[in-house]
Amino acid sequence: MPIYQGSRYEYSTIDYISTDVNEDAYPVVFYQFSDIGLISYYEHTYVEGERLDEIAFQYYKRPGSWWYILENNPEITDALNIVPGTVLRIPNV
């Protein structure tokens, strides 16, 4: 599985290559959190019917950046079923 240009992992360091039972190779990204605590956030109260791509467009003007929001809200386990009233952390990237 390649890491595609424009992917959130595009500039990441590959820690190692993993293989599955079919011998297909998958890069495993090394996470380094040297800037943890330095990120500022907006707070957005989720309203029923909203979608993360729409929220990403509202804050970043790029709907494809919805994953920034999802990665900074680890308590959300299902991006399609967010409880209305949930306060989302929107990283200022």
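**Entry 1. Fold order**

Which pattern does the chain follow when read along the sequence? I read β-β-β-α-α-β. I count 2 helices and 4 strands in the secondary structure of the chain. I took helices (H or I, at least four residues) and strands (E, at least two) as DSSP runs, numbered from the N terminus.

**Entry 2. Basis and confidence**

I note that this is a predicted model, in which local features need pLDDT of at least 70 and side-chain atom pairs count only at pLDDT 80 or more, while totals for chains, interfaces and linings use all residues. Residues are numbered from 1 along each chain as its sequence is written, and side-chain values use heavy atoms, with hydrogens and water left out.

I looked up pLDDT (the predictor's confidence in each residue, from 0 to 100). Its mean over the chain is 78, with 61% of residues at 70 or more.

**Entry 3. Lys 61**

I located Lys 61 in the loop between H1 and helix H2 (66-71). Its phi is near 65°, a positive value in a residue other than glycine. Most residues other than glycine have a negative phi. Is Lys 61 buried or exposed? I record Lys 61 as exposed because its relative accessibility is 57%; buried means under 20% relative accessible area, exposed over 50%, partly exposed in between (1.4 Å probe, protein chains only).

**Entry 4. Whole chain**

I find that buried residues make up 19% of the 93 residues. For contacts (heavy atoms within 4.5 Å), I considered pairs at least 6 apart in sequence, of which 43% join residues at least 24 apart.
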